[in-house]
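Please read it alongside the sequence and the model.

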Amino acid sequence: MTKPSLPDLLHAAVSAVGGTERPGQVAMAEAVAEAIDDNTHRLIQAGTGTGKSLGYLVPALAHGERVVVATATLALQRQLVERDLPRTVDALHPQLRRRPQFAMLKGRSNYLCLHRLHEGAPQDEEEGLFDQFEAATPTSKLGKDLLRLRDWADETETGDRDDLTPGVSDKAWAQISVSSRECLGATKCAYGAECFAEAARERAKLADVVVTNHALLAIDAIEGAPVLPQHEVLIVDEAHELVSRVTGVATGELTPGQVNRAVKRAAKLVDEKTADALQTASESFERVMELALPGRLEEVPEDLGYALAALRDAARNVISAIGATRDKSVHDEDAVRKQALAAVESVHGVAERILLRSEYDVVWYERHDRFGATLRVAPLSVSGLLREKLFEDRSVVLTSATLKLGGDFNGVAASLGLSPEGVEGDDAPVWKGLDVGSPFDYPKQGILYVAKHLATPGREGTRGDMMDELAELIEAAGGRTLGLFSSMRGAKAAAEELRGRLDNPILLQGEETLGELIKAFAADPKTCLFGTLSLWQGVDVPGPSCQLVVMDRIPFPRPDDPLMSARQKSVEEHGGNGFMAVAATHAALLMAQGAGRLVRAGGDRGVVAVLDPRLATARYGSFLRATLPDFWYTTDRNQARRSLAAIDAAAHADGK
């Protein structure tokens, strides 16, 4: 039997989803197929509208070996599993003469735990042991959520939190879910045979394509115990997010509240002397944390060192004691023991890690008005980890609309532990970069306007000239504005100011769920939506409702961000340019993602306005501009207003 050709398969898949074949998509599919066949690695930048999902799914399915696809966002996971994969498999089945299977796999805490649901969550001592469903009043928000979860448990086939609509609060979900550390294990659990998480793992073992997330990919790499099934090909979509997601998984934290919970959970399982030692260490740690000031700890202060050493030693003794005793008087002893062990092991692990004072870790205090102080530890870099764990024994394809920074792939490659393109070292994985472009005509569809005449933004204070500029731009656009701010304080200040000056409705992130805000923004062209980080990457509103994207300033990391400043300093100590490698790269990724909100379809027109003159005047401005879509560029404020007014008039003429 003749093997079907890749172009034929791609054509069938594109037809099945009602799409249009694009040259960039064909080039991407060919590059993915080549990487899989040669067992090599690719970084592929595929602009919005390329159809990159099919660009990698078709060659992956045609290959026939197991493929893991890891995405950063829930939205893309759902799109792949609910839309792209079912249609693609149906379309390819006749030519492949087989029907590839696919499955979704997430971390254990994303699935409803039947043991927790039926036996109740082990409670802290002071709350007593009770059924959380009885304790939560049926009229309270928590009570209603828990009752709905109990009903849903009888209907759901997956137990996946994301299949529950509408969703429930984190507090409610925590009552009926467990972490992998808290799980009893299928063989010890009375509900093991019906376990949703175990069922998801079994489906993944049988699937040709496993769709997961960056966090689970990181856990699989860091913890050494395989979570994902064996696979020959790894495709990382939204790959610009990978480093931050892996860093998040590799970050440890300690808070007085967390340590207190560990003490309470362990107290009922160990002798009084062992429990008292952990309680005393907890109190010492709490006293140190009360005086903690935000910022990086280049050295662990003496008082903190003593407190952490006491915590580590007491926690180690508790872990040994819990493993050596049994107490039949404790209700649901195995679950109580497992939860206590998980809590104490977490405290022990973080305390020991900080005390080791690795040169590859950054330690700092954070302080929140509501939650008090937190002690954090994170890796200075994850590039070594990624180089060692990600690229071994499989072909890896990393793709995103934003992988080329300042015109090449080397910045992103370095963050992944890769050498510059074309440079081969002893242990450096070989890779190639490919930019397949975008089907959109950016110079004709969009304008990049930089407000060169404004004052350079300072760290503090309101920017009156920026507010005036923003108000005039919104008026010229007739609303239709997505405002991307570098801080929540900036977004709130702009919303409050302009609500008093303009007739346009202004929605503000945090005043409603993100989904509802985006829906309201898309429904009314006069409306503006202001917000911060998740809006820079999470908004997909094609059409006339989003014709002006405004960035209030270049989104450099805060100068007092301990991890970013430590990374910058490390680059400089090794002879590099820390500002360009860390701060400018961070800003470039965000700006490229933010600018990508403007043109989402072939008919979209609009302006990206950056209200920070440094994009035009600073030396690094050209690096940042080279990362953005190739819009027509101007610093002429009158030109920007005229263009916005013309786009608004055209939308009105079309009845929009």
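Helices (H or I, at least four residues) and strands (E, at least two) are DSSP runs, numbered from the N terminus. This is a predicted model, in which local features need pLDDT of at least 70 and side-chain atom pairs count only at pLDDT 80 or more, while totals for chains, interfaces and linings use all residues. Residues are numbered from 1 along each chain as its sequence is written, and side-chain values use heavy atoms, with hydrogens and water left out.

The N-terminal end of α23 is capped by Asp561, of which a side-chain oxygen lies 3.1 Å from the backbone nitrogen of Leu563. Such a polar contact is a pair of N or O atoms within 3.5 Å; within protein, one must be able to donate a hydrogen and the other to accept it, and residues adjacent in sequence count only if both atoms are side-chain atoms. Pro562, Leu563, Met564, Ala566, Arg567 and Ser570 are the buried residues of α23, where buried means under 20% relative accessible area, exposed over 50% and partly exposed in between (1.4 Å probe, protein chains only). These buried residues pack against α11 (242-249), β7 (295-296), β8 (361-368), β9 (372-379) and α24 (578-595), contact being defined as heavy atoms within 4.5 Å. After α23 comes Gly575, with a positive phi near 90°.

Strands β7, β8 and β9 also belong to an open sheet of four strands, ordered β6-β9-β8-β7 with antiparallel pairing. Because β6 (252-254) and β7 stand at the edges, each with a single partner strand, one side of each is left without a neighbour in the sheet. Two strands count as paired if DSSP finds at least two bridges between them. Between β6 and β9 there are three bridges in the antiparallel sense, and Leu254 stands opposite Leu375 in β9.

Strand β4 (residues 209-213) is largely enclosed by the rest of the structure, because five of its five residues are buried. Val209, Val211 and Asn213 are buried on one side, and Val210 and Thr212 on the other, so that both faces are covered.

| Strand paired with β4 | Bridges | Bridge partners |
|---|---|---|
| β2 (residues 67-71) | five | Val69 and Val211 |
| β3 (residues 102-104) | three | Ala103 and Val210 |

Ser545 lies in the loop between α22 (533-538) and β16 (548-551), and at 5% relative accessibility it counts as buried. The side chain of Ser545 reaches the backbone oxygen of Ala522 at 2.7 Å. The C-alpha atoms of Ser545 and Phe521 are separated by 6.9 Å, although the two residues are 24 residues apart along the chain.

The structure also holds two cavities of 30 Å³ or more, a cavity being a set of points on a 1 Å grid over the protein atoms alone where a 1.4 Å probe fits but cannot get out, with lining residues having an atom within 4 Å of a point. The largest cavity contains about 250 Å³ of space. Of its 24 lining residues, Cys113, His115, Val178, Cys183 and Leu184 are the closest to its centre. Helix α5 gives the most to this lining, with three residues.

Definitions and conventions:
On a 1 Å grid over the protein atoms alone, a cavity is a set of points where a 1.4 Å probe fits but cannot get out, and a pocket is an open set with protein on both sides within 12 Å along at least five of seven lines; lining residues have an atom within 4 Å of a point. Grid points are joined across faces, edges and corners, and a volume is the space filled by probe spheres set on the points.
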